[in-house]
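Try each one with the model on screen before you read the solution.

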Amino acid sequence: MKDASPQPIYLTDYTPPAYLVDDVHLTFRLDPTATRVISRISFRPNPDAASKRFFLHGEGLKLISSRVDGSDIDVRDVENGIEADVPDAPFVWEAEVEIDPKNNTALEGLYMSPQDVGESNASGRDSLPAIKPMYCTQCEAEGFRKITYYPDRPDVMAPFTVRIEGDEPVMLSNGNPTGEGDGWCEWTDPWPKPAYLFALVAGDLVAREDSFTTMSGKHVDLKLWVRPGDEGKTAFGMEALKKSMKWDEEVYGREYDLDIFQIVAVSDFNMGAMENKGLNIFNTSAVLCSPETSTDANFERIEAIIAHEYFHNWTGNRITCRDWFQLSLKEGLTVFRDQSFTADVRSEAVARISDVIALRGRQFREDNGPLAHQVQPDSFVEINNFYTATIYEKGAEIIRMLKTLVGDDAYRKALDLYFDRHDGQACTIDDWLTVFQDSTGRDLTQFKRWYKQAGTPRLDVTENWDDGTYQLTFTQTTPPTPGQDVKEPFLIPIAVGLLGPNGDEVQATKVLEMTEGTQTFTFEGLSYRPTPSILRHFSAPVILTRETPPEERAFLFAHDTDAFNRWEAGRSLAKEVLVGLVTGEDTPQSLYLDALATMLRNDDLDPAFRALALQMPGEDDLAQTLFDAGVTPDPDAIHNAAETLKQARAEHLQDLLPRLMADMEVTEPFVSNAEQSGKRALGLGLLKLATRLDGGKAAQAQWDRADNMTLSLGALACLLDAGKAEGPLATFRERWKDDALVMDKWFMLQIMHADPEDAAATVERLTEDPAFTMKNPNRFRSVFGAFAGHPAGFHQKDGSGYRLLADWLIRLDPLNPQITARMSGAFETWKRYDADRQGLIKSELDRILATDGLSRDTTEMVTRIRN
Ligand code: ARG
Ligand code: ZN
């Protein structure tokens, strides 16, 4: 419920906990509406704390009894929990509380999934057998306080023993199994952990089992738990897990540390997945997959998330965060680690390009709007609102820059020191940087600005050529962000290579270290004026604002020896064409189209790379580019420009299509590896072009014969574009009505491919479908996430899109504040647009804020967006 005004908490207010915990023993007596949680916790005063106040977090708990050292004790209700008078010496706290998992719709703490049994299921028909709900938990960041009274802060770490009593066939918690009997079982996690890593799962589950032998020869049981019926979607996840375990040993020297590692798939989950010690809990969408039901993109995402959660065992669990201002300590580092894993097991160039597309699409968007914030914030109201692209993806870019600056060997040495020095501790970002300073001898004072200054730096470049001497002069400027008007210069690693007229490298990649606001770098002894390739491999998360002749981009698109910059050259050429189409200026369209044809025809290039080069810049990205150039973006005009260019590309590439499409056919059995998925990705890119020319003939043929979801869904998308999807959509629905994850695609696709003026009506129609439910985060996101991702549909002039989304956010907020708050980010770009649209959005934001009892999560987000 909404406080009078939600109060922020500040990094500078940090104080150590008054009491430390030596041991936790929990007993759960499971019951859907009245679960009892009995805790026995050994506390001792913290010698490093000034305060003696014994305070325990607690939220929505019914306290049945509380004792200290065996005697009943009175507790006082205070904000966010309780306090009590306790001895100034070690003591044992015991409490019994009651909680109601069944009515926990916020999906934080202990809850049940699915939540909708008896209302509507995936098919919308009552005849289907109801799925028996399972118990599960989500405690990060502050969900444990909804389970029992506890110092729910990450710097309190303790070993846990958990006894679960109930009649569920499978009952799991963290650590190793240490006992079981009729109607109970016990789990023991010997590794001290903060409460946010606690997990419990109970229900009717089946496991895919496997094992892994660690580098020191220890045997680890692996179990991937799913609902009966989902066993066929577990093979890929298990392989990904084993690959991740091996990779962390080989690349970081990190070995797993329990006898068993378990993953559970849950259909109602707010996020992708959670790294609870020894018992990772996953959104079904982030782990279950099969060729028939999942696309290559699903497989890739699943592999990355499994790796991510597994890697947290060392970066997050063994070494955790002192407080939530340090969130990027574990998330930035772990994202960087999962990105490196993907680069190693798939294609490095393709991985980097994909990461940058995601970074620009989500983090740059955030960093250039009202929600911009530091990677290490100074304050927050609701920590769940800070699981952002900035904390995660920009955090990962910072680690990447650090590695670029110190070099691979020094990076590995620093990581060894980090694990050595801080194992078992709750740390800060300063601790992390100190490790690098100590092990490399480098002063990282200026580098730390990446954590403390929000906003995306703009990097302007001018060049000078004088008789064998070539100079690049860079100027960095970072626009103001909320609460930060003035920015100091960043330390920017700028990877540069120089190319000769035939595309040969006259200067191999060199990392320039820019520390000043303006700085010149000189290259001597050149026999001709080179073409620069700047910011190779996207060596820093900045926006390059260099005026480059289109011919030079076309040259780099054809010749750059750095794969990322080669792709970047093509993308910026495409953007230039699109901007010209919107503003009515001249465009280098034919130059672009010829370069694109040459690139596509080049069979030496990885199909996955060609697919990325064929992908159009997004409409949202274009809106930001126009806004940066001082043009108020018109979403309809942008959409029309994109349509125009797509049509021109189809016509220009017409002769190429039959041969290339045939080449991209995969004849081997489906495997979602880099090679096959690259071919399918390019094949689908070409099919889109073909659809513009043949009205959907090729798409229909692909639809008819496709035996995997990647090709079916790709064909269906094209049929939607061609206006010939009615029959296929019905067939698809009938075939997949019982598969929630596939039905999510059915919802999403129809919105993504709706004409702008029909998008809101499509959303309305789909929310009336019996298979729609707002209680399932995946389903809600598949509709409203897709809508927010369709700028021309969402930003219709009459404000219908804004009103529709606001209506649903107001409806969802009392059930699930986290998802509501997150989805309100759809409005974060509002200040780019014209006064009419701004006025319409503003009144929707005000309407949301005026809602009675609006959650703290949504209040914070909408207030920040509105300001
Ligand atoms: N630590 C998890 C991950 O990155 C994310 C959990 C976030 N949950 C939340 N409610 N904010 O893997
Ligand atoms: Zn994470």
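**Exercise 1.** Find the residue that stands opposite Ile263 in S21, then work out the sheet around it.

Solution. Start at Ile263 and look across to S21: the residue opposite is Asn280. Next, step back to the two strands. This is a predicted model, and in it strand S19 (residues 260–266) and strand S21 (residues 279–283) run parallel, joined by 5 bridges. Now zoom out: the open sheet has 5 strands in the order S17-S18-S19-S21-S20, with mixed pairing. Its edges are strand S17 (206–213) and S20, each of which pairs on one side only.

**Exercise 2.** Name the residues that touch the most other members of the largest nonpolar core.

Solution. The core holds 240 residues, and the ones to pick out are Val201, Val264, Ile281, Leu716 and Phe787. Helix H10 (residues 563–583) gives the most to this core, with 10 residues. Now follow one member: not counting residues up to four places away in sequence, the contacts of Val201 are Met134, Tyr135, Cys136, Leu172, Val264, Leu279 and Ile281. As background, nonpolar side chains tend to be buried together in soluble globular proteins.

**Exercise 3.** Describe the surroundings of ligand 1.

Solution. Begin with the count: 13 residues surround ligand 1, and the closest are Glu140, Met271, Met274, Asn384 and Tyr387. Two or more residues of this shell come from each of strand S20 (273–274) and helix H2 (296–311). Sorted by type, the shell has 5 nonpolar, 4 polar and 4 charged residues.

**Exercise 4.** Trace the hairpin formed by S27 and S28.

Solution. Take the strands first: strand S27 (residues 492–499) and strand S28 (residues 505–514) pair in the antiparallel sense over 7 bridges. One pair to find is Ile492 with its bridge partner Met514 in S28. Then look at the turn: 5 residues lie between the strands, and Gly503 there has a positive phi of about 90°. Finally, check the record: an unreviewed UniProt entry annotates residues 455–546 as "domain: Peptidase M1 alanyl aminopeptidase Ig-like fold". That span, 455–546, is 0% helix and 52% strand, and its end C-alpha atoms lie 19 Å apart.

Definitions and conventions. Residues are numbered from 1 along each chain as its sequence is written. Chains are lettered from A and ligands numbered from 1 in the order in which they are written. This is a predicted model: local features need pLDDT of at least 70, side-chain atom pairs count only at pLDDT 80 or more; totals for chains, interfaces and linings use all residues. A residue is near a molecule or strand if its C-beta atom, placed from the backbone, lies within 6 Å of it. Helices (H or I, at least four residues) and strands (E, at least two) are DSSP runs, numbered from the N terminus. Ala, Val, Leu, Ile, Met, Phe, Trp, Tyr, Cys and Pro count as nonpolar, Asp, Glu, Lys and Arg as charged, and the others, Gly among them, as polar. Two strands pair if DSSP finds at least two bridges between them. A nonpolar core is a set of buried Ala, Val, Leu, Ile, Met, Phe, Trp, Tyr and Cys residues joined through C-beta atoms within 7 Å. A residue is buried if 20 or more other C-beta atoms lie within 10 Å of its own, exposed if 12 or fewer, and partly exposed in between; C-beta atoms are placed from the backbone. Two residues are in contact if their C-beta atoms, placed from the backbone, lie within 7 Å. UniProt positions are given in the numbering used here, feature names are shortened, and annotations may be inferred rather than shown by experiment.
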